[in-house]
Amino acid sequence: MKKKWIFIDLVLTMAALGIVLRFVSVDAPRSSAKPPPRKCASTSSPQSQPSKTADGEPLASCEDLDAIQAAYEKEIRPIFEAKCLMCHGNVDKMPLYSKIPPFSWLVQSDIDEAKEHHDMSFGFPFSGKKYDVPQDGLEDLIDDVQESSMPPPIYLVAHWKSRLTPEESQKILKWANDGLKALND
Ligand code: HEC
């Protein structure tokens, strides 16, 4: 009889601990990273900047980038704030478990990898190790949203409300496709 109670006690303690770790948030440290330099050509003063990237690709127009960024801030950033920026950018609060080993090691390696591939810390254009032009970041985003591959499934186990709703996915796809069209015209 005694053994059974110890077991039940243990299970209850683990469940309580799990709930505390998942639902208690702590302040996230402010990142000291600086935004990357913006590369674009201004149509109002075309002489002031080169019009091609180092690889010979035409530079995006600063006016197009501004318009896409403004729409991002208004419509897309609030969605990403709740569902993506914990790994791909900066958030004010992190779940308590993200501070406690071994979870903290997993979380940190996820964040490092997420930002290396697709960094949204400074809004649009996104930076990433294989992004030469702003269109690259939009194309990767479109692929992942269409395949519902982000957030990663393991993250959804603990953060089940972080899955993108069909309405959110549509909004993101429309914004990204409009942006691609403006940049490729
Ligand atoms: C738990 C952390 C985590 C969350 C939350 C998360 N991602 Fe990611 N993301 C990653 C990691 C790790 C990678 C790099 C490895 C990979 O591609 O699977 C990545 C890669 C990406 C890439 C680049 C893919 C490529 O082809 O290189 C995009 C785009 C992306 N994520 C979008 C999102 C969006 C949009 C959301 C929110 C809806 C999101 N992610 C939420 C961890 C995360």
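This report covers the fold, core, ligand shell and some local features of a predicted model.

## Basis

Residue numbers start at 1 in each chain and follow the sequence as written. In this predicted model, local features need pLDDT of at least 70 and side-chain atom pairs count only at pLDDT 80 or more, while totals for chains, interfaces and linings use all residues.

## Overall fold

The protein has 7 helices and 2 strands. These are DSSP runs numbered from the N terminus: helices are H or I with at least four residues, strands are E with at least two. The order from the N terminus is α-β-α-α-β-α-α-α-α. The radius of gyration is 21 Å, well over the 16 Å that the globule rule gives for 185 residues, so the protein is more spread out than a compact globule. That radius is taken over C-alpha atoms, and the rule is 2.2 Å times the number of residues to the power 0.38. The C-alpha trace spans about 85 × 35 × 25 Å along its principal axes.

Buried residues are 15% of the 185. A residue is buried with 20 or more other C-beta atoms within 10 Å of its own, exposed with 12 or fewer, and partly exposed in between; C-beta atoms are placed from the backbone. Contacts are pairs with C-beta atoms, placed from the backbone, within 7 Å. Among contacts between residues at least 6 apart in sequence, 64% join residues at least 24 apart.

## Helix α1

Helix α1 covers residues 2–23. Its 22 residues should span 32 Å at 1.5 Å a residue, and its end C-alpha atoms are 32 Å apart, which agrees. The expected span is 1.5 Å times one less than the number of residues. The number of buried residues in α1 is 0, so the helix lies largely in the open.

## Nonpolar core

The largest nonpolar core holds 19 residues. Such a core is a set of buried Ala, Val, Leu, Ile, Met, Phe, Trp, Tyr and Cys residues joined through C-beta atoms within 7 Å. Y72, I76, C84, W175 and A176 touch the most other members. At least two residues come from each of α2 (62–83), α3, α5 and α7 (166–184). The largest share, 5 residues, is from α2. Leaving aside neighbours within four places in sequence, I76 is in contact with I172 and W175.

## Ligand shell

There are 18 residues around the ligand, and C84, C87, A114, M150 and P151 come nearest. A residue is near if its C-beta atom, placed from the backbone, lies within 6 Å of the molecule. α3 (85–88), α4 (103–117) and α5 (134–146) each give at least two shell residues. The most, 4 residues, come from α4. By class, the shell has 10 nonpolar, 3 polar and 5 charged residues. Ala, Val, Leu, Ile, Met, Phe, Trp, Tyr, Cys and Pro count as nonpolar, Asp, Glu, Lys and Arg as charged, and the others, including Gly, as polar.

## Local features

K115 sits in helix α4. With 19 C-beta neighbours inside 10 Å, K115 is partly exposed. The C-alpha atoms of K115 and H88 are 5.2 Å apart, across 27 residues of chain.

Most residues other than glycine have a negative phi, and most peptide bonds are trans. The bond from P101 to P102 is cis, with omega near 5°. The bond from M150 to P151 is also cis, with omega near -10°. P151 lies in the loop between α5 and α6 (153–158). S148 is found in the loop between α5 and α6. Its phi is positive, near 50°.

Technical notes: Two residues are in contact if their C-beta atoms, placed from the backbone, lie within 7 Å.
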